[in-house]
Amino acid sequence: MEKQTASLHLVSAFLAMEPTDCVLSHARSLGGGSVTVDVQRFVWDHCISKAIGKCHAPYLKHFLKKLILEIEANRDDVLDELYELYTEFMTSLKVGSGVGLVGICLSHVKASKVILSDGDLSTLSNMKLNLKMNQLSTSDDEPESSQCPDSFEPAQIGGIRTEIDIVSSHQVKCLHLPWECASEIELQGSEPDIILGADVIYDPLCLPHLVHLLSILVDKSKSSQFPRAGCDSAIGNSHDYSNRCNSQDVEAARDRAGNASPTKHPIAYISSVIRNANTFDRFLALVDKANLTVADLTGTFQPASLLPYMQSYDRSSIRLFRLSSK
């Protein structure tokens, strides 16, 4: 009888769009103190799955985020369905585009928004072609351009490209955005949940522009209209490089590295190979000066063994870092 009452209260609270903390309190009561796998299945079957397309989307996103954080804070397993649905609400922004492969993958896993940007117009044209080859529609308009002075050539900062992957309803938008021209006005409205970058820490001339861009994107003072959810204690156990950090510290960091799940503020994840220790130390110094923290997640999140036939590709050298606002 108590279990039936707890189940009824949980469903009723969710349908009434009670504050998420209240709904989670009912979920804990149903699970005897925690949100067990059985409770997650109940929530999915009787609340979330029936609310898709009917429930106020910001509320559902907020609830999913808090629910996942609650479960992970207790180091319990999270249903795949919860992760997959939350992904559909996420805005993912990636710096460093190349051919746009990561953006294509994000769109296929139904990321909420995807915008591919680059500082080179020819790269943008090639990116659009790749998108069409992968059955993704793109805007027919000419790529939007930043207000960067024409006299500033990309080669002056190493010619590094930028890709912002943010996806909207099955259409991918291509945006011209050199790093050196990035500004809060330029990025207004993006409000990413997660920022991604791959192999972008190698040109010392570009690093100040890269760090400036990242500092804008993970600025915790920028909030969306719906409050960002999270549990401050849910993300932890990572090796912090915000102070007195150098490449030797990074090489020594193999202890537990925290959680890559939904967080209270935008988070950047940078995958890179450290080719030059001095360049990486320069990056760390700029990050610290920008009031950002760096954590090495490599020990916890090993790279997947994709393309196993490529034996010449040394995956052991790939490092994964998390950047967040202090």
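Which residues of H5 are buried? They are Leu 82, Leu 85, Tyr 86 and Phe 89, and they make a handy way into this predicted model. The protein chain has 326 residues, of which 46% count as buried, and it holds 11 helices and 10 strands. Here is a tour, starting with the helix from the opening question.

- The buried residues Leu 82, Leu 85, Tyr 86 and Phe 89 of H5 cover an arc of only 100 degrees around the axis, so they sit on the same side of the helix.
- An α-helix has 3.6 residues a turn, so residues three or four places apart point the same way.
- On the other side of H5 you will find Asp 80 and Glu 84, both exposed.
- The cover over the buried residues of H5 includes H3 and H4.

- In soluble globular proteins, nonpolar side chains tend to be buried together.

**Strand S10 and its partners**
- Strand S10 (residues 319-325) is largely enclosed by the rest of the structure, because 6 of its 7 residues are buried.
- Strand S8 (residues 267-272) pairs with S10 in the antiparallel sense over 5 bridges, and Ile 270 has Phe 321 of S10 as its bridge partner.
- Strand S9 (residues 292-296) also pairs with S10 in the antiparallel sense over 5 bridges, with Ser 324 of S10 as the bridge partner of Thr 293.
- In a regular strand the side chains alternate between the two faces of the sheet.

**Two loop residues with positive phi**
- Most residues other than glycine have a negative phi, and most peptide bonds are trans.
- Arg 75 has a positive phi, near 55 degrees, and lies in the loop between H4 and H5.
- With a relative accessible area of 58%, Arg 75 is over the 50% cut-off and therefore counts as exposed.
- Gln 135 likewise has a positive phi, near 60 degrees, and belongs to the loop between helix H7 (121-133) and strand S3 (137-138).
- Gln 135 is exposed too, at 68% relative accessibility.

**Cysteines**
- Searching the whole structure turns up 0 disulfides.
- Cys 105 has a relative accessible area of 43%, which means that this residue is partly exposed.
- Cys 206, at 1% relative accessibility, counts as buried.

**The chain as a whole**
- Take the contacts in the protein chain between residues at least 6 apart in sequence: 78% of them join residues at least 24 apart.
- The protein chain exposes about 16500 Å², and carbon and sulfur atoms supply 51% of that area.

Notes:
Residues are numbered from 1 along each chain as its sequence is written. This is a predicted model: local features need pLDDT of at least 70, side-chain atom pairs count only at pLDDT 80 or more; totals for chains, interfaces and linings use all residues. Side-chain values use heavy atoms; hydrogens and water are left out. A disulfide is a pair of cysteine sulfur atoms within 2.5 Å. Buried means under 20% relative accessible area, exposed over 50%, partly exposed in between (1.4 Å probe, protein chains only). Helices (H or I, at least four residues) and strands (E, at least two) are DSSP runs, numbered from the N terminus. Two strands pair if DSSP finds at least two bridges between them. Contact means heavy atoms within 4.5 Å. Accessible areas come from the Shrake-Rupley method with a 1.4 Å probe; for residues, only the protein chains shown count as cover. The arc is that of the directions from the helix axis to the C-beta atoms.
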